[in-house]
Amino acid sequence: MASVTLEHVSLRYRSGAVGLADVDLQVADGEFLALVGPSGSGKTTLLRSIAGFLTPTAGRILLDDRVIAGPGVAVPPEQRRLGMVFQQHAVWPHWDVGRNVEYPLRRAKVPLAERRTRVGEALDLVGLAGYERRDPATLSGGQRQRVALARALVARPRVLLLDEALSALDEPLRDRLRLELHTLTREMGLTVVHVTHDRSEALALADRVAVLDGGRIQQVDTPSNLLARPDSPFVAKFLSDATLVDGRVTEGLFSAGNHPLTVPCPGMANAARATAAVLPAAVTLTPGGDAIVRSSLFTPDGSDVVVDWRGTHLRVRTHGSRHRVGDAVSVHIADAVVYPQAVEDAPEREAVMSA
Ligand code: ADP
Ligand code: MG
(Lines give C-alpha, C1' and ligand atoms only; values in the text may rest on other atoms or scores of the structure.)
(Ligands and ions follow the chains in the order given, each with its own letter.)
Protein backbone atom coordinates (compact mmCIF):
# COMPACT_ATOMS: atom_id res chain seq x y z
CA MET A 1 0.00 0.00 0.00
CA ALA A 2 1.05 3.59 -0.37
CA SER A 3 0.24 7.14 0.53
CA VAL A 4 -0.65 9.68 -2.16
CA THR A 5 0.43 13.31 -2.00
CA LEU A 6 -0.57 16.16 -4.28
CA GLU A 7 1.46 19.35 -3.96
CA HIS A 8 0.15 22.51 -5.61
CA VAL A 9 -1.28 20.50 -8.48
CA SER A 10 -2.91 22.50 -11.26
CA LEU A 11 -4.22 21.26 -14.57
CA ARG A 12 -5.57 23.36 -17.37
CA TYR A 13 -7.09 21.70 -20.42
CA ARG A 14 -6.10 22.84 -23.89
CA SER A 15 -9.59 24.29 -24.26
CA GLY A 16 -8.70 26.65 -21.41
CA ALA A 17 -11.00 24.87 -18.93
CA VAL A 18 -9.64 24.68 -15.40
CA GLY A 19 -9.39 21.06 -14.32
CA LEU A 20 -7.51 21.56 -11.05
CA ALA A 21 -6.31 24.72 -9.34
CA ASP A 22 -3.49 24.50 -6.79
CA VAL A 23 -4.64 21.29 -5.12
CA ASP A 24 -2.85 20.17 -1.96
CA LEU A 25 -4.01 16.82 -0.70
CA GLN A 26 -2.54 13.95 1.23
CA VAL A 27 -4.10 10.50 1.43
CA ALA A 28 -2.51 8.41 4.15
CA ASP A 29 -1.41 4.82 3.64
CA GLY A 30 -4.49 2.70 4.23
CA GLU A 31 -6.89 5.63 4.29
CA PHE A 32 -10.28 5.68 2.55
CA LEU A 33 -10.68 9.17 1.13
CA ALA A 34 -13.82 10.24 -0.69
CA LEU A 35 -13.74 13.07 -3.18
CA VAL A 36 -17.05 14.88 -3.64
CA GLY A 37 -18.16 17.94 -5.51
CA PRO A 38 -20.68 19.08 -8.08
CA SER A 39 -20.44 17.97 -11.68
CA GLY A 40 -17.45 19.60 -13.37
CA SER A 41 -15.64 20.34 -10.10
CA GLY A 42 -12.54 18.37 -11.16
CA LYS A 43 -13.03 15.00 -9.44
CA THR A 44 -12.29 12.88 -12.50
CA THR A 45 -9.42 15.16 -13.45
CA LEU A 46 -7.86 14.66 -10.02
CA LEU A 47 -8.27 10.88 -10.15
CA ARG A 48 -6.91 10.57 -13.68
CA SER A 49 -3.94 12.72 -12.72
CA ILE A 50 -3.10 10.28 -9.92
CA ALA A 51 -3.62 7.37 -12.32
CA GLY A 52 -1.31 8.92 -14.91
CA PHE A 53 -3.78 9.41 -17.76
CA LEU A 54 -3.48 13.18 -17.36
CA THR A 55 -0.36 15.21 -16.65
CA PRO A 56 -0.62 18.24 -14.36
CA THR A 57 0.46 21.57 -15.77
CA ALA A 58 2.03 22.46 -12.42
CA GLY A 59 2.82 20.84 -9.10
CA ARG A 60 3.85 17.32 -8.11
CA ILE A 61 2.19 14.02 -7.29
CA LEU A 62 3.95 11.49 -5.07
CA LEU A 63 3.30 7.85 -4.23
CA ASP A 64 4.90 7.43 -0.83
CA ASP A 65 8.01 9.57 -1.31
CA ARG A 66 8.48 8.89 -5.03
CA VAL A 67 7.52 11.62 -7.47
CA ILE A 68 5.28 10.09 -10.18
CA ALA A 69 4.27 13.35 -11.85
CA GLY A 70 5.96 16.73 -11.79
CA PRO A 71 8.33 18.91 -13.76
CA GLY A 72 10.14 16.54 -16.12
CA VAL A 73 8.58 13.43 -14.54
CA ALA A 74 5.61 11.43 -15.84
CA VAL A 75 5.67 7.80 -14.72
CA PRO A 76 3.40 5.87 -17.15
CA PRO A 77 0.12 4.57 -15.68
CA GLU A 78 1.11 0.87 -15.87
CA GLN A 79 4.23 1.52 -13.81
CA ARG A 80 2.31 3.21 -11.00
CA ARG A 81 0.68 -0.03 -9.85
CA LEU A 82 -2.70 1.50 -9.17
CA GLY A 83 -6.10 -0.12 -9.59
CA MET A 84 -8.91 1.82 -11.18
CA VAL A 85 -12.66 1.25 -11.56
CA PHE A 86 -14.93 3.51 -13.59
CA GLN A 87 -18.66 4.14 -13.52
CA GLN A 88 -19.35 2.08 -16.63
CA HIS A 89 -18.00 -1.39 -15.96
CA ALA A 90 -15.30 -1.55 -18.59
CA VAL A 91 -15.51 -5.31 -18.94
CA TRP A 92 -14.51 -6.64 -22.34
CA PRO A 93 -17.57 -8.44 -23.72
CA HIS A 94 -15.67 -10.86 -25.97
CA TRP A 95 -13.59 -12.24 -23.09
CA ASP A 96 -14.87 -14.48 -20.32
CA VAL A 97 -14.73 -13.25 -16.73
CA GLY A 98 -11.48 -15.04 -15.92
CA ARG A 99 -9.69 -13.57 -18.90
CA ASN A 100 -10.97 -10.09 -18.05
CA VAL A 101 -9.69 -10.32 -14.49
CA GLU A 102 -6.42 -11.91 -15.62
CA TYR A 103 -5.56 -9.11 -18.02
CA PRO A 104 -3.30 -7.00 -15.73
CA LEU A 105 -1.36 -10.14 -14.77
CA ARG A 106 -0.83 -11.15 -18.41
CA ARG A 107 0.47 -7.68 -19.12
CA ALA A 108 2.85 -8.04 -16.21
CA LYS A 109 3.91 -11.47 -17.59
CA VAL A 110 2.94 -13.34 -14.45
CA PRO A 111 3.25 -17.13 -15.10
CA LEU A 112 0.08 -19.04 -15.92
CA ALA A 113 -0.25 -21.08 -12.73
CA GLU A 114 0.08 -18.00 -10.53
CA ARG A 115 -2.37 -16.12 -12.74
CA ARG A 116 -4.95 -18.85 -12.23
CA THR A 117 -4.56 -18.77 -8.46
CA ARG A 118 -4.70 -15.01 -8.22
CA VAL A 119 -7.72 -14.67 -10.50
CA GLY A 120 -9.50 -17.22 -8.32
CA GLU A 121 -8.59 -15.28 -5.18
CA ALA A 122 -9.70 -11.95 -6.66
CA LEU A 123 -13.05 -13.36 -7.77
CA ASP A 124 -13.50 -14.89 -4.34
CA LEU A 125 -12.86 -11.48 -2.75
CA VAL A 126 -15.65 -9.81 -4.72
CA GLY A 127 -18.12 -12.66 -4.17
CA LEU A 128 -17.81 -14.23 -7.64
CA ALA A 129 -15.92 -17.43 -6.79
CA GLY A 130 -16.09 -19.91 -9.68
CA TYR A 131 -17.21 -17.35 -12.30
CA GLU A 132 -14.05 -17.68 -14.44
CA ARG A 133 -15.74 -19.21 -17.47
CA ARG A 134 -18.82 -16.99 -17.45
CA ASP A 135 -19.66 -14.77 -20.39
CA PRO A 136 -19.96 -11.16 -19.12
CA ALA A 137 -23.18 -10.78 -21.14
CA THR A 138 -24.86 -13.23 -18.76
CA LEU A 139 -24.03 -11.11 -15.68
CA SER A 140 -26.05 -8.39 -13.98
CA GLY A 141 -24.73 -4.82 -13.86
CA GLY A 142 -23.65 -5.34 -10.27
CA GLN A 143 -21.81 -8.54 -11.12
CA ARG A 144 -20.01 -6.86 -14.01
CA GLN A 145 -18.96 -4.10 -11.65
CA ARG A 146 -17.59 -6.75 -9.30
CA VAL A 147 -15.58 -8.16 -12.22
CA ALA A 148 -14.14 -4.70 -12.81
CA LEU A 149 -13.28 -4.49 -9.11
CA ALA A 150 -11.63 -7.93 -9.17
CA ARG A 151 -9.55 -6.83 -12.15
CA ALA A 152 -8.48 -3.71 -10.27
CA LEU A 153 -7.54 -5.77 -7.20
CA VAL A 154 -5.85 -8.75 -8.87
CA ALA A 155 -2.54 -6.97 -9.44
CA ARG A 156 -2.43 -5.98 -5.75
CA PRO A 157 -2.52 -2.26 -6.40
CA ARG A 158 -0.87 0.16 -4.04
CA VAL A 159 -3.88 2.45 -4.29
CA LEU A 160 -7.43 1.79 -5.48
CA LEU A 161 -8.99 4.62 -7.50
CA LEU A 162 -12.76 4.54 -7.95
CA ASP A 163 -14.52 7.00 -10.25
CA GLU A 164 -18.28 6.87 -9.61
CA ALA A 165 -17.80 3.11 -9.48
CA LEU A 166 -21.19 2.52 -7.85
CA SER A 167 -23.17 5.34 -9.41
CA ALA A 168 -24.65 3.39 -12.32
CA LEU A 169 -26.14 0.69 -10.09
CA ASP A 170 -29.71 0.56 -8.83
CA GLU A 171 -30.41 1.36 -5.19
CA PRO A 172 -30.50 -1.96 -3.28
CA LEU A 173 -27.54 -3.33 -5.17
CA ARG A 174 -25.58 -0.11 -4.78
CA ASP A 175 -26.14 -0.21 -1.03
CA ARG A 176 -24.90 -3.75 -0.80
CA LEU A 177 -21.84 -3.23 -2.97
CA ARG A 178 -21.07 -0.08 -1.01
CA LEU A 179 -21.00 -2.04 2.24
CA GLU A 180 -18.95 -4.84 0.70
CA LEU A 181 -16.48 -2.43 -0.84
CA HIS A 182 -16.02 -0.75 2.51
CA THR A 183 -15.50 -4.01 4.40
CA LEU A 184 -13.23 -5.47 1.72
CA THR A 185 -10.92 -2.47 1.42
CA ARG A 186 -10.76 -1.95 5.19
CA GLU A 187 -9.83 -5.60 5.74
CA MET A 188 -7.12 -5.35 3.08
CA GLY A 189 -5.86 -2.04 4.50
CA LEU A 190 -6.06 -0.58 0.98
CA THR A 191 -5.54 3.09 0.29
CA VAL A 192 -8.69 4.19 -1.57
CA VAL A 193 -9.61 7.39 -3.37
CA HIS A 194 -13.33 7.16 -4.09
CA VAL A 195 -14.86 9.79 -6.36
CA THR A 196 -18.59 10.30 -6.09
CA HIS A 197 -21.11 13.06 -6.62
CA ASP A 198 -23.23 11.39 -3.93
CA ARG A 199 -22.49 13.20 -0.69
CA SER A 200 -24.23 10.66 1.55
CA GLU A 201 -22.15 7.88 0.00
CA ALA A 202 -18.98 9.90 0.62
CA LEU A 203 -19.89 10.63 4.22
CA ALA A 204 -20.92 7.03 4.86
CA LEU A 205 -17.80 5.35 3.50
CA ALA A 206 -14.82 7.58 4.01
CA ASP A 207 -12.33 8.18 6.80
CA ARG A 208 -12.02 11.68 5.39
CA VAL A 209 -13.88 13.56 2.68
CA ALA A 210 -12.38 16.17 0.35
CA VAL A 211 -14.90 18.65 -1.06
CA LEU A 212 -13.98 20.02 -4.47
CA ASP A 213 -15.44 22.98 -6.34
CA GLY A 214 -14.11 24.74 -9.42
CA GLY A 215 -10.97 22.58 -9.36
CA ARG A 216 -10.13 23.69 -5.82
CA ILE A 217 -10.23 21.78 -2.58
CA GLN A 218 -12.75 23.59 -0.38
CA GLN A 219 -12.28 21.48 2.75
CA VAL A 220 -10.87 18.12 3.81
CA ASP A 221 -11.96 16.58 7.08
CA THR A 222 -13.69 13.66 8.75
CA PRO A 223 -17.39 13.31 7.90
CA SER A 224 -18.50 14.41 11.36
CA ASN A 225 -16.27 17.49 11.41
CA LEU A 226 -17.39 18.49 7.93
CA LEU A 227 -21.02 18.39 9.00
CA ALA A 228 -20.41 20.09 12.35
CA ARG A 229 -17.96 22.74 11.16
CA PRO A 230 -18.21 23.54 7.46
CA ASP A 231 -15.46 26.03 6.59
CA SER A 232 -17.46 27.90 4.02
CA PRO A 233 -21.01 28.62 2.92
CA PHE A 234 -20.38 26.39 -0.11
CA VAL A 235 -19.54 23.34 2.02
CA ALA A 236 -22.53 23.99 4.30
CA LYS A 237 -24.81 24.17 1.30
CA PHE A 238 -23.33 21.27 -0.61
CA LEU A 239 -23.15 18.78 2.27
CA SER A 240 -26.07 19.84 4.46
CA ASP A 241 -28.49 21.73 2.20
CA ALA A 242 -27.92 24.89 4.19
CA THR A 243 -29.73 27.94 2.89
CA LEU A 244 -27.39 30.92 2.42
CA VAL A 245 -28.66 34.31 3.49
CA ASP A 246 -26.86 37.57 2.68
CA GLY A 247 -26.35 40.22 5.29
CA ARG A 248 -23.82 42.13 7.32
CA VAL A 249 -22.12 42.00 10.71
CA THR A 250 -22.34 44.99 13.02
CA GLU A 251 -21.04 44.90 16.57
CA GLY A 252 -21.13 41.16 16.92
CA LEU A 253 -24.56 40.73 15.36
CA PHE A 254 -25.37 39.36 11.91
CA SER A 255 -28.44 40.89 10.33
CA ALA A 256 -29.88 39.83 7.01
CA GLY A 257 -30.72 42.32 4.31
CA ASN A 258 -34.17 41.06 3.30
CA HIS A 259 -35.14 38.69 6.09
CA PRO A 260 -36.05 38.95 9.75
CA LEU A 261 -32.92 37.05 10.80
CA THR A 262 -30.36 38.13 13.36
CA VAL A 263 -27.59 35.87 14.65
CA PRO A 264 -25.21 36.74 17.48
CA CYS A 265 -21.59 36.31 16.41
CA PRO A 266 -19.64 37.68 19.34
CA GLY A 267 -16.13 38.85 18.59
CA MET A 268 -16.59 38.83 14.82
CA ALA A 269 -15.28 41.97 13.11
CA ASN A 270 -17.77 44.25 11.42
CA ALA A 271 -18.34 43.19 7.82
CA ALA A 272 -20.36 44.97 5.15
CA ARG A 273 -21.01 41.64 3.46
CA ALA A 274 -21.49 38.40 5.36
CA THR A 275 -23.32 35.15 4.76
CA ALA A 276 -25.37 33.13 7.21
CA ALA A 277 -25.80 29.41 6.55
CA VAL A 278 -29.08 28.11 7.95
CA LEU A 279 -29.22 24.34 8.39
CA PRO A 280 -32.56 22.67 7.55
CA ALA A 281 -32.80 21.21 11.06
CA ALA A 282 -32.41 24.65 12.67
CA VAL A 283 -35.72 25.82 11.21
CA THR A 284 -39.19 25.25 12.59
CA LEU A 285 -42.43 26.21 10.88
CA THR A 286 -45.70 27.22 12.53
CA PRO A 287 -49.04 27.63 10.77
CA GLY A 288 -49.94 31.03 9.33
CA GLY A 289 -47.47 33.65 8.21
CA ASP A 290 -45.81 35.21 5.20
CA ALA A 291 -43.84 32.17 3.98
CA ILE A 292 -45.35 29.70 1.51
CA VAL A 293 -44.59 25.99 1.31
CA ARG A 294 -43.22 25.25 -2.18
CA SER A 295 -42.48 21.55 -1.80
CA SER A 296 -42.78 18.92 0.87
CA LEU A 297 -41.17 15.52 0.46
CA PHE A 298 -41.70 12.72 2.93
CA THR A 299 -38.61 10.82 4.13
CA PRO A 300 -38.25 8.11 6.78
CA ASP A 301 -36.84 10.64 9.25
CA GLY A 302 -39.03 13.68 8.69
CA SER A 303 -40.04 15.79 5.74
CA ASP A 304 -37.83 17.85 3.42
CA VAL A 305 -39.69 21.09 2.98
CA VAL A 306 -38.83 24.12 0.86
CA VAL A 307 -40.57 27.38 1.73
CA ASP A 308 -40.51 30.63 -0.17
CA TRP A 309 -39.37 32.98 2.55
CA ARG A 310 -39.51 36.51 1.16
CA GLY A 311 -37.96 35.39 -2.10
CA THR A 312 -35.45 32.97 -0.58
CA HIS A 313 -35.97 29.24 -1.00
CA LEU A 314 -35.38 28.01 2.53
CA ARG A 315 -34.73 24.29 3.09
CA VAL A 316 -36.42 22.94 6.20
CA ARG A 317 -36.41 19.53 7.85
CA THR A 318 -39.59 19.02 9.80
CA HIS A 319 -40.96 16.30 12.02
CA GLY A 320 -44.57 15.56 12.77
CA SER A 321 -47.42 16.54 10.50
CA ARG A 322 -46.67 16.91 6.82
CA HIS A 323 -46.93 20.36 5.31
CA ARG A 324 -48.84 20.84 2.10
CA VAL A 325 -47.74 22.79 -0.93
CA GLY A 326 -49.31 26.25 -0.77
CA ASP A 327 -49.61 26.33 3.07
CA ALA A 328 -48.82 29.70 4.67
CA VAL A 329 -46.30 29.31 7.49
CA SER A 330 -44.08 31.34 9.82
CA VAL A 331 -40.35 30.67 9.88
CA HIS A 332 -38.40 30.36 13.14
CA ILE A 333 -34.64 29.96 12.97
CA ALA A 334 -32.87 28.64 16.06
CA ASP A 335 -29.34 29.40 14.91
CA ALA A 336 -27.10 29.83 11.89
CA VAL A 337 -23.41 29.85 11.08
CA VAL A 338 -22.09 33.25 10.03
CA TYR A 339 -19.24 33.60 7.54
CA PRO A 340 -17.59 36.99 7.15
CA GLN A 341 -17.14 37.55 3.45
CA ALA A 342 -14.14 39.52 2.33
CA VAL A 343 -14.87 41.81 -0.63
CA GLU A 344 -12.50 39.88 -2.93
CA ASP A 345 -14.43 36.65 -2.21
CA ALA A 346 -17.73 38.14 -3.29
CA PRO A 347 -17.76 37.03 -6.94
CA GLU A 348 -17.03 33.44 -5.94
CA ARG A 349 -19.74 33.52 -3.33
CA GLU A 350 -22.20 34.89 -5.80
CA ALA A 351 -21.40 32.02 -8.15
CA VAL A 352 -22.24 29.62 -5.33
CA MET A 353 -25.53 31.37 -4.61
CA SER A 354 -26.67 31.15 -8.20
CA ALA A 355 -25.62 27.52 -8.61
P1 ADP B 1 -16.10 16.03 -12.44
O2 ADP B 1 -15.48 14.67 -12.57
O3 ADP B 1 -16.02 16.59 -11.06
O4 ADP B 1 -17.49 16.11 -12.99
P5 ADP B 1 -14.11 16.80 -14.43
O6 ADP B 1 -12.80 16.53 -13.78
O7 ADP B 1 -14.58 15.82 -15.43
O8 ADP B 1 -15.22 17.06 -13.31
O9 ADP B 1 -14.05 18.23 -15.14
C10 ADP B 1 -13.47 19.37 -14.55
C11 ADP B 1 -13.50 20.51 -15.55
O12 ADP B 1 -12.65 20.23 -16.64
C13 ADP B 1 -14.88 20.78 -16.14
O14 ADP B 1 -15.02 22.16 -16.34
C15 ADP B 1 -14.83 20.03 -17.46
O16 ADP B 1 -15.70 20.64 -18.39
C17 ADP B 1 -13.38 20.19 -17.86
N18 ADP B 1 -12.90 19.05 -18.64
C19 ADP B 1 -12.93 17.74 -18.28
N20 ADP B 1 -12.37 16.95 -19.22
C21 ADP B 1 -12.02 17.77 -20.21
C22 ADP B 1 -11.37 17.57 -21.50
N23 ADP B 1 -11.01 16.36 -21.91
N24 ADP B 1 -11.15 18.67 -22.27
C25 ADP B 1 -11.49 19.90 -21.83
N26 ADP B 1 -12.08 20.17 -20.66
C27 ADP B 1 -12.35 19.12 -19.85
MG1 MG C 1 -16.34 12.84 -13.19
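Biologist: Into which domains is the protein divided?
Modeller: Domain 1 covers 4-228, and domain 2 covers 233-354. Keep in mind that this is a predicted model.

Biologist: How far apart are the C-alpha centres of domain 1 and domain 2?
Modeller: Those centres are separated by 36 Å. Where the domains make contact, domain 1 puts in twelve residues and domain 2 puts in seven residues.

Biologist: OK, and how many helices and strands are there in the protein?
Modeller: You can count nine helices and 20 strands. Of the 355 residues, 48% are buried.

Biologist: Let's go inside. How many residues are in the largest nonpolar core?
Modeller: That core has 43 residues. Val101, Leu149, Leu160, Leu162, Val209 and Val211 have the most contacts inside it. As for secondary structure, helix H4, residues 141-154, gives the most to this core, with seven residues.

Biologist: And where does this core lie relative to domain 1 and domain 2?
Modeller: It lies between them, because domain 1 and domain 2 both give residues to it. There's also another core apart from that one, with 29 residues, including Leu6, Leu11, Val23 and Ala210.

Biologist: Why would nonpolar side chains be buried together?
Modeller: I can only give you the general pattern: in soluble globular proteins, nonpolar side chains tend to be buried together.

Biologist: Which residues of helix H2 are buried?
Modeller: H2 runs over residues 97-107, and its buried residues are Val97, Gly98, Asn100, Val101, Glu102 and Leu105. Val101 also turned up among the residues with the most contacts in the largest core. The cover over the buried residues of H2 includes helix H3 (112-125) and H4.

Biologist: Switching topic: which residues surround ligand 1?
Modeller: Around ligand 1 you'll find Tyr13, Ser15, Ala17, Val18, Pro38, Ser39, Gly40, Ser41, Gly42, Lys43, Thr44 and Thr45. Helix H1, residues 43-51, supplies the largest share of that shell, three residues.

Biologist: What lies 2.8 Å from an oxygen atom of ligand 1?
Modeller: That's a polar side-chain atom of Lys43. For Gly42, a backbone N or O atom is 3.1 Å from an oxygen atom of the ligand. Tyr13 has a polar side-chain atom 3.4 Å from a nitrogen atom of ligand 1.

Biologist: How much of ligand 1 does the protein bury?
Modeller: Taken alone, ligand 1 exposes 560 Å², and the protein buries 60% of that.

Biologist: Now Ser167: is that residue buried or exposed?
Modeller: Ser167 counts as buried, because its relative accessibility is 19% and the cut-off for buried is under 20%. You'll find Ser167 in the loop between strand E8 (159-163) and helix H5 (171-188). Its side chain has a polar contact of 2.5 Å with the side chain of Glu164. Leaving aside neighbours within four places in sequence, Ser167 is in contact with Gln87, Arg174 and His197.

Biologist: Last one: how far apart in space are Ala272 and Arg144?
Modeller: They're 55 Å apart, C-alpha to C-alpha, and 128 residues apart in sequence. Ala272 lies in strand E15, residues 271-278, and is exposed, with a relative accessible area of 69%. Not counting residues up to four places away in sequence, Ala272 touches Gly247 and Arg248.

Methods:
Residues numbered from 1 in each chain as written. Chains lettered and ligands numbered in written order. Predicted model: local features only at pLDDT ≥ 70, side-chain atom pairs only at ≥ 80, totals over all residues. Heavy atoms only, no water. Core = buried A, V, L, I, M, F, W, Y, C linked by side-chain atoms within 4.5 Å. Buried < 20%, exposed > 50% of the residue type's maximum accessible area, 1.4 Å probe, protein only. Helix = DSSP H or I, 4+ residues; strand = E, 2+ residues; numbered from the N terminus. Domains from an automatic or database assignment. Near = heavy atom within 4 Å. Polar contact = N/O pair within 3.5 Å; in protein donor to acceptor, adjacent residues only side chain to side chain. Areas by Shrake-Rupley, 256 points an atom, 1.4 Å probe, with all protein chains shown as cover. Contact = heavy atoms within 4.5 Å.
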